[in-house]
Amino acid sequence: MATLTIPHPVPSAAEDAEHIRKAVQGWGTDEKALILVLAHRDAAQRKHVRLAYEEMYNENLIKRLESELTGHFERAVYRWIFDPIEREAVMAHVALKKTFDHRVIIEIACVNSPKELLAVKGAYHARYKRSLEEDVAAHTAGDFRKAFTYRYGGDEIDISLAGSEAGILRDVITQQKSNHEETIRILGTRSKAQLNATFNCYREDYGTPIEESLAGEAPSEFASALRMAIGCIVNPQLYFVEALHDALGKADTDEDALTRVIVMHAEKDLRGIKEMFQGRNNVPLEQAVRQKTSGDYKAFLLALIGD
Amino acid sequence: MAEEHEALTRAFSGLGVDESSLLTVITKWRKQPEKRRGFRSSSPFFKPHGSFERCEDDFVRSLKVEFARFKNITVLWAMHPWERDARWIHHVLHKAHPFNIIVEIACTRSSDELLGARKAYHALFHHSIEEDVAYRVKENYCNVRTSFLFCPTSSNSDTIWIMKIYRPKRSMYLQLLVGLVSAYRYEGSRVDDEIAKSEAKALGHAIKNAGSKDPVENYEAIRILTTRSKTHLKETFRHYNEIYGKSIEQEFADESCLGETVQCLGSSASYFSKVIDKAFGEAADKIAQDALTRVVVSRSDVDIEEIKAVYEKQYKAKLEDKIVKNTRGNYRDALLSLVGM
């Protein structure tokens, strides 16, 4: 469930565009007014506001906001304003251009349903005139691209195959074989239903969940990436709760990760994530965010979280 | 009677069966079993077996195949292109046919058609093409035109030496094939010329280092071939030609799967024309012959005119004439209609 709150009745797109215009005109910016509008509109409404603004003032709203705002607040608003599918394409592109943030790539590849991932790829084509795969392949080690296959989306599974592939994964992990090929083949091509069956077989046959086997003392980068991918596939909600915990728990708050999780889930399933966060950390998410962030950035996040 | 014998023999030669000639003879020889006996005694399709002429098993088998050609082409013609492609790929994987058929499908369909084939595959077989290709290539990579590995004329030491060279390449085939079938290429015309040039050089390096154990360069080649848009690749191949003075199709000509990849991505009409001509050859096996149906049906609505033009240029003969010469009956007529005569 989303945490996004929308006022009743909601102003028209033209009214919103006007309020935004007032907020960005002249010296300085009225961030509160921006948050009041943008953080309380769903994807369709935001799109209408963008169109209305452009029609009324002959200016691209996103470009205007980019020039008016700064820092973490700007980055959060920039990511928020798109619709969910476009957003993922934009975030993938950003992740590839700057210092490569593999978390974003893994999340996009593993959390989305096959149909959603396909839509993201289409949005990426339209926006960047290249395919997501070619950019991932060109900017990262080849293995990441292989997570982007169009998986079978149904529920049928092959139990004996699950058992044998659990065995293969076991071999790779315990013997620290450098045979990543098989691991990547399995994780990159099998359907989610099949993978879940495989992980269940792993737990039953070898006594520990596969995530724990991969944790260990000094896990390699590869093992960490695998753990992330598996986490996204098996229990995405828990994965995001842990991501938030990590982002907020560090002395130096990881605003990029915080922004990413909140912005990408506020209109999807942040409510469930919030509840699980509180359950595991004995602290409501709002409180943690309030403590670790400041200024307009804080206000924006809290608005999205539904404070 | 010699006339009818000739007609019958002719009706059963070539691809497909000349149904109308057969009907003519059947009608002519009504109530004349001695004529049929005469045919059986003089035909290679029958062998004396004590007191009667027995039908050769090979003949029966080949009749089954030849009569089915028209049925197959009709069913395939009626099918949705996505289902066709999905079934062809499934067939290759489960009957251990050469993987270059998969390369052909993956490289000559548009991004949305290939995606459609993947969707159809999900619906028909409850797996993704990617997972099945990855799994099968893993199991029998030998399928990739390395049959000379087991050529009886090579000495043992030669065979072992060859296997050593080809072993590291197995993962390359896996990457290449899975990469090709999972591609969702950008379909527009925008190309970055600088990147095309640098990737042409990267391909050049990969070819030079093909023998060495350095895997990195080869994976670059696979990345380029399996992710870049077709427009981009055509530019890249053009640069390659300029830089190295050789076409990339020539460079990879002997490489299984890789050769077909660059041909299909570079100039598919030329690739298809070659496949069609192989079907007419004397040494054509069943798979090469079936390719005729596959190519004509799948390209009839797409670029068959271009293929015809290239064929005529390459082989100094009209495709329609070759079809008339080498095929029979309803199968022949179906081919001619699909080819646009």
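The model is predicted, so to speak a computed one: local features need pLDDT of at least 70, side-chain atom pairs count only at pLDDT 80 or more, and totals for chains, interfaces and linings use all residues. Residues are numbered from 1 along each chain as its sequence is written, chains are lettered from A and ligands numbered from 1 in the order in which they are written, and side-chain values use heavy atoms, with hydrogens and water left out.

Rolling a probe the size of a water molecule over the atoms shows where empty space is left. The largest pocket holds about 700 Å³ of space. Here a pocket is an open set of points on a 1 Å grid over the protein atoms alone, where a 1.4 Å probe fits, with protein on both sides within 12 Å along at least five of seven lines; lining residues have an atom within 4 Å of a point. Its volume is the space filled by probe spheres set on the points, which are joined across faces, edges and corners. The lining counts 23 residues, and closest to the centre sit B:Asn72, B:Leu76, B:Trp88, B:His91 and B:Asp290. In chain B, α4 (57–78), α5 (81–95) and α17 (286–299) each give at least two lining residues, with α4(B) supplying the largest share, 8 residues. Helices are DSSP runs (H or I, at least four residues), numbered from the N terminus. By type, the lining splits into 11 nonpolar, 5 polar and 7 charged residues; Ala, Val, Leu, Ile, Met, Phe, Trp, Tyr, Cys and Pro count as nonpolar, Asp, Glu, Lys and Arg as charged, and the others, Gly among them, as polar.

Now for the charged pairs. Over all chains, 48 salt bridges turn up (a side-chain nitrogen of Lys or Arg within 4 Å of a carboxyl oxygen of Asp or Glu). One of them joins A:Asp16 and A:Arg41 at 2.7 Å, N to O. This pair links distant parts of the chain, 25 residues apart: A:Asp16 is in helix α1 (residues 13–24) of chain A, and A:Arg41 is in the loop between α2 (31–38) and α3 (43–57). A:Asp16 counts as buried at 1% relative accessibility, and so does A:Arg41 at 4% (buried means under 20% relative accessible area, exposed over 50%, partly exposed in between, with a 1.4 Å probe and protein chains only).

In chain B, B:Arg332 pairs with B:Asp333, their closest N and O atoms 3.4 Å apart. B:Arg332 is partly exposed at 26%.
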